[in-house]
Amino acid sequence: MPATDPKLISGNANRKLADAIARRMSMHRGMQVGLVDARVERFNDQEIFVEVYENVRGEDMFIIQPTSKPANDNLMELLIMADALRRSSASRITAVIPYFGYARQDRRTKARTPISAKLVSNLIAEGGIERVLTMDLHAAQIQGFFDIPVDNLYASPIFALDILHQFGGNMSDVMVVSPDVGGVARARELAQRIGAPLAIVDKRREKAGEVAEMTVIGDVTEKKCVIVDDICDTAGTLCKAADVLLGAGATEVHAYTTHGVLSGPAVDRITNSVLKSLVITDTIEATSEVAACKNIRICPTAPMFAQAILNIWNGTSVSSLFDTDTLIPIYEGLYPNGMYGR
């Protein structure tokens, strides 16, 4: 085991998640783990200033900072915190980025457009960060944009526990649905975990952000459909997919999405939609509007992130967290008995 303890520091993007990770690490280790005392502030012209009040020389540092809205401000906070730690002689700096902003710009879709995910990965590596821990990258190949190690956690094991808990372990009439062809691998993985069949909603776009037509591939008659995706932004596609599934004979529609971006009219759309529930994680801090929405529920990721940080710190496997037998004890308090013993 390393000579020094892991130390956590947080920016302003999702302080609630950072505090929850620290609490979970305290439970796992049996000793108090807190956030390093620091201030991350803005001058009047919105320049970001960071000051770390504790000695971090030779320490194994973990910066908890999703690059969610406002993406540019939160990204700069991450880079400036990394620079402050590097100049303070931290032994290793790991960026814990629960939601990786700019991930949707992972390729050139038209001429004369950027690959912004690659640019951001370069900034992170050049900023002195030596390792990245994230969750459900929009595209798995983004890991290859980095020249430093990247650990990409998956929300599907947590979602599987939650689904089995919510449906009482009875999967006979549950069907997992991918909202588009590109998400089939993600949906199939969840379907295999819970022993459910798979359907696909094939969508055709007239232009970016506007869906012209949707077709259900698979028989959803008399099924409780569970749509699974990585990002819910404006929720237009999600709500339309729910309508199409009910029209195709589904009895009810639920959705599980890792990152609840929920911008613009998203919350209103979900509130007024036929969706029985939308489950998101806390990788992005929920606004008061999201927290008050009657059919949005939040799954915690802190237990998984806390264990992943400990595994990185002590040099053990992070991919072990993808296994059900490893995850069940971590989430025992939320999902008693794991619900896998059905």
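Five of the five residues of strand β4 are buried (under 20% relative accessible area, with over 50% counted as exposed and the range in between as partly exposed, for a 1.4 Å probe and protein chains only), so β4 is largely enclosed by the rest of the structure. The model is a predicted one, in which local features need pLDDT of at least 70 and side-chain atom pairs count only at pLDDT 80 or more, while totals for chains, interfaces and linings use all residues. Residues are numbered from 1 along each chain as its sequence is written, and side-chain values use heavy atoms, with hydrogens and water left out. Helices (H or I, at least four residues) and strands (E, at least two) are DSSP runs, numbered from the N terminus.

Both faces of β4 are covered. On one side D60, F62 and I64 are buried, and on the other M61 and I63 are buried. Strand β4 pairs in the parallel sense with β1 over five bridges, where pairing requires that DSSP finds at least two bridges between two strands. Within this pairing, M61 of β4 is the bridge partner of K7. Parallel pairing over five bridges also links β4 and β5, and here D60 stands opposite R92 of β5. The chain crosses from β4 through α2 to β5 in a right-handed β-α-β crossover; right-handed denotes that, with the strands pointing away from the viewer, the path from the first strand over the helix to the second runs clockwise.

The loop between β4 and α2 contains P70. The peptide bond that joins K69 and P70 is cis, with omega about -5°. Helix α2 then spans residues 71-87, a total of 17 residues. The distance from its first C-alpha to its last is 24 Å, close to the 24 Å expected at 1.5 Å a residue, the expected span being 1.5 Å times one less than the number of residues. Buried positions in α2 are N74, L75, E77, L78, L79, M81, A82, A84 and L85. An α-helix has 3.6 residues a turn, so residues three or four places apart point the same way. The buried residues of α2 pack against the strands β1 (6-10), β2 (38-42), β3 (48-52), β4 (60-64) and β5 (92-97), and against helix α3 (116-126). Just after α2, S89 adopts a positive phi of about 70°.

A pocket is defined on a 1 Å grid over the protein atoms alone as an open set of points where a 1.4 Å probe fits, with protein on both sides within 12 Å along at least five of seven lines, and its lining residues have an atom within 4 Å of a point. The volume of the second largest pocket is about 370 Å³, taken as the space filled by probe spheres set on the points, with grid points joined across faces, edges and corners. The lining comprises 23 residues, of which K69, V261, I284, E285 and T287 lie nearest the centre. The elements that give two or more residues to this lining are α2 and α8 (288-292). The largest share, three residues, comes from α2.

With a relative accessibility of 78%, R112 counts as exposed.

Helix α6 (residues 236-247) has twelve residues and reaches 17 Å from its first C-alpha to its last, close to the expected 16 Å. T237, L238, C239, A241, A242 and L245 are its buried residues. G249 follows α6 and has a positive phi near 115°.

D229 is located in strand β11 (residues 224-232) and is buried, at 17% relative accessibility. Apart from neighbours within four places in sequence, D229 is in contact (heavy atoms within 4.5 Å) with P179, R186, Y256, T257 and T258. N170 occupies the loop between α4 (156-166) and β8 (174-178) and is partly exposed, at a relative accessible area of 44%. N170 and F146 are 24 residues apart in sequence, and their C-alpha atoms are 42 Å apart in space.
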